[in-house]
Amino acid sequence: MKLTEREHALVLMVHHIAAEAWTVTHLVRELMALYAGFYDGPSSTLPLPTVTYDAYVRHQLETIDRPLVQAQLAFWRDQLDGASPGLPLETDRPRAAGAGHRGKRRRFELSRERSDALRELGRSEGATLFMTLLAAFQALLHRSYGATDLSIGTPVFTRDRPGLEDVVGCCMNTVVLRTDLGGDPSFRTLLRRARQTSLDAFAHQDVPFDEVVAALGPERDGAAAPLFRTMLIVHSLQQPTLRMAGLEVEPLDVDAEAAVTDLTLLVEAGETLHGAFEYDTELFDDASIDRLCDRFVTLTDAIVERPESPLSDLPLLGAEERHRVTVIWNDTDTGAPERPSACIHDLVDEQAERTPDAVAVETEDERVTYGDLRMAADHVAARLADAGLAAGVAVGVALHPSPSAVIAALAVLRAGGVYVPLDPHQPRARLREIVADAGIAGVLTQASALGDASWIDARVIDLDAERQAISGRAPERAEARVGGDAPAYLLYTSGSTGIPKGVVVPHRALVNQVRWRQEAFDLTPADRVLLHTPLTFDPSVWELFGPLAAGARLIVPPHANERDPARLAEAMARHRATLLQAVPTLVSALLDEDAIDACTDLRLVLCGGEPLSAKLRDCCHAHLSADLHNLYGPTETTIDATHWACRRDDGRPVIPIGRPIANVRTYVVDDRLRPVPVGVPGELCIAGAGVALGYHGRADETAARFPPDPYDGRPGARMFRSGDRARWRADGTLEWLGRSDDQVKVRGQRIELGEVEAVLARHPDVRVAAAVVTDGGERLVAFVTAASERQPDASALTRFVAGRLPRSMVPSAFLTLPELPRTPGGKLDRRALATLALDGPGRSAPHTVAPRDDLERLLVGLWEELLPGSHVGVTDDFFELGGHSLLAMRLTARVRAKFGTDLPVAALIEDRTIEALGRRLRQEARSTTSLSQIR
Ligand code: AMP
Ligand code: MG
């Protein structure tokens, strides 16, 4: 190509199948020789090749059946047995089916000293530069992605007979270098392993790669290469000095814009090492490879300095990347708090002073102003003080979401106490356990919530029964000053050992959350926010205080305690709610309700507690004009720690959990709590203003889960190890990847499988128990083995668990197995159980008993609408057919609509078949008459 009058480029394009690097070098030599010959006159001085490419190929084919090749195949079968080709690389994008091999190269250079030092290190172990680079590449992949079994491909030239040097064509083979990186070896040990791997592989390099692939018959997955997806190529070919008479010649760098594998490390081994990472641009972002490059340079530095250190000790993060993930992306400090000693009720009080006549809480038939709310809270606080329930004392509030609950919670705090929500729905055994563990001295309740409360081992104050006495008391300001560091609430979550554990949250953490949300969501007195989240789930704490701190109106829907999506949607429409906070499962159920279309004032949907799927995001955007937000945070870090605002024009398949909120910092760390690089999965740790004080009365567990925060200079600062796996994305947002333990979510409720299992194992008919979650977090399924001849009975087990654990922790199905499946290591094989659970205990059970009367026929119709695909018999168990508590709520709502009978959701736990439900409905009809028309 003529570039200018006196400047030309010679471009030669050859498919790799016809030429490898050797051939290209050879061609350049021949070109120079020919040029010289023609320059002096029209003559060619090149000898004819002694071996042609087809002779080479024939030779190759002839050797295939020889015993040598068979023996080599046996080696490869053995060597690659059970290897996995893919890196555990968390690529930036998943591999698309039929994706091409578009690629790029990112070049780098190792300095002369570093190159020499690497060569020297290799020599000390009798290893070539290739082997040393292999070990370094392996160390990089191991440290970056946690891989311990790595298969890396490399080309070998097959010009191993005299005469083959000048064959033009592709004379090469590929071998797979598989190395075990287990046991956290030092680099020197790894180098020895890499050396042995290489020697073994090269000693068995005669069998063509295709044959190895055919012999091993690895699973092919469409677009991906078999056996290996990363390569190392080290060139040490002496490049001829370009010299042509009468010309100035220099090499031109051309990018092929293709990638041979997912990721290839190419090294040109001159005096200094010139390297490049060639990568598939379908899989990787440029920025990810830039960082990989930086890490490789950082790592090789450390390797030559400390070859004896275990790999896990070597630094991986360059100073720049470390600074980015620990400091820049955590730059959330809003400056010194205005009043570090502020308590959460102060914020509500200040609002009450500003707008005493504004409506604070609204229900179907009641409106409470800010002034009245404060007065009522004052009265109750005074009553608490009279009872000696004051500063630092844990006080239970056993109420459903209601105006009374708001007053009670405010009163407890005003009196200086610690608010402990108790769910009246929960079994007595569990409530007793919590009252004892928290050291609760008094309980605020109402007969309508808890009924008879005499079994509670604490002083019970019934707000209804004592109404006169309480409001008759002089409304003097009862106020015990506690500071921002004092505990505000104590919230119990599932504990893996079988006992719930209490998280102690200080005022300042809650104040931070409330202030951040107010600012981020621009809350004003014009907002109307629902109080509907169960009070034992920490987002409810924000519902209780956050809107009131902003002067907004709190709306308590009727029957909030039932969590019935139909009623909730109607209430949102009627009260013109502007903000809804809910777990994804509930948001999804609400979107199915017709009434949601009437919620035209809704401007914000705050989703959290569970992963938010792209499907739900799209559905939400399609139905609502409200903005959708994804919020993430464990109870231990006060409601939410990170935040992501979904955008309508953003169709990304995975929704991030976003960035840390104000005054909160997040770290993604390895198992030694060191930050891992961008893109690399690690444990998410949360530090800063939201961190709880710890687990009540559990110093050991607190110490284990709340280690010191190494990035906070202040003494005593601690962070929380969430147990969540996450990674940083290149744009500084976090992506949630899953749990690293057996904590699960069932329709938004946090559950330790160990707690369910421990309770089940206490049943006399059960020897061991295991639980798994299926259907994308919808169903909890339990497996048990029998303790004796007697087979455990599903309904007996249900009652047993329901008597001890909250409803969300009661499995919807039980399956008795002779033994629980174990992994080869002897651990419980939850994956096998999950597969068993999917096949569904009971789900495949043949439909047996047909409905026998109109009532049963109607019920079958209702069930089949809710359990699509099921053919329902009247003796089938609702939960075994795939029913769960959300569906149970819908079922009871439909029964109510059809028969006018108020069927409590709990009835379905007792009466799980149509037969039994029909019986119950008939009994109720005897006292009313609502069923007469269908009888
Ligand atoms: P909880 O203490 O009930 O708030 O549960 C906290 C746990 O719920 C976290 O540790 C996560 O495992 C999960 N979680 C909460 N929010 C999200 C979210 N937005 N995306 C994914 N998981 C979440
Ligand atoms: Mg949470």
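Trainee: What should I know about the model before I start?

Mentor: The model is predicted, so local features need pLDDT of at least 70 and side-chain atom pairs count only at pLDDT 80 or more, while totals for chains, interfaces and linings use all residues. Residues are numbered from 1 along each chain as its sequence is written, chains are lettered from A and ligands numbered from 1 in the order in which they are written, and side-chain values use heavy atoms, with hydrogens and water left out.

Trainee: How many residues surround ligand 1, and which are the closest?

Mentor: A residue is near a molecule if one of its heavy atoms lies within 4 Å of it. Here 17 residues surround ligand 1, and the closest are Leu 631, Thr 635, Asp 724, Lys 745 and Arg 750.

Trainee: Where is helix H17, and are its residues buried or exposed?

Mentor: Helices (H or I, at least four residues) and strands (E, at least two) are DSSP runs, numbered from the N terminus, and buried means under 20% relative accessible area, exposed over 50%, partly exposed in between (1.4 Å probe, protein chains only). Helix H17 covers residues 539-549, and eleven of its eleven residues are buried, including Trp 542 and Phe 545.

Trainee: How do I read a salt bridge, and how many are there?

Mentor: Side chains of opposite charge can pair when their charged atoms come close. A salt bridge is a side-chain nitrogen of Lys or Arg within 4 Å of a carboxyl oxygen of Asp or Glu, and by this rule the count comes to 62. In one of them Asp 116 pairs with Arg 112, with the closest N and O atoms 3.4 Å apart, and both residues lie in helix H4, four residues apart, about one turn of the helix.

Trainee: What about Asp 877 and Arg 912?

Mentor: Their side chains meet in a salt bridge at 2.7 Å, N to O. This pair links distant parts of the chain, 35 residues apart, and both Asp 877 and Arg 912 are buried.
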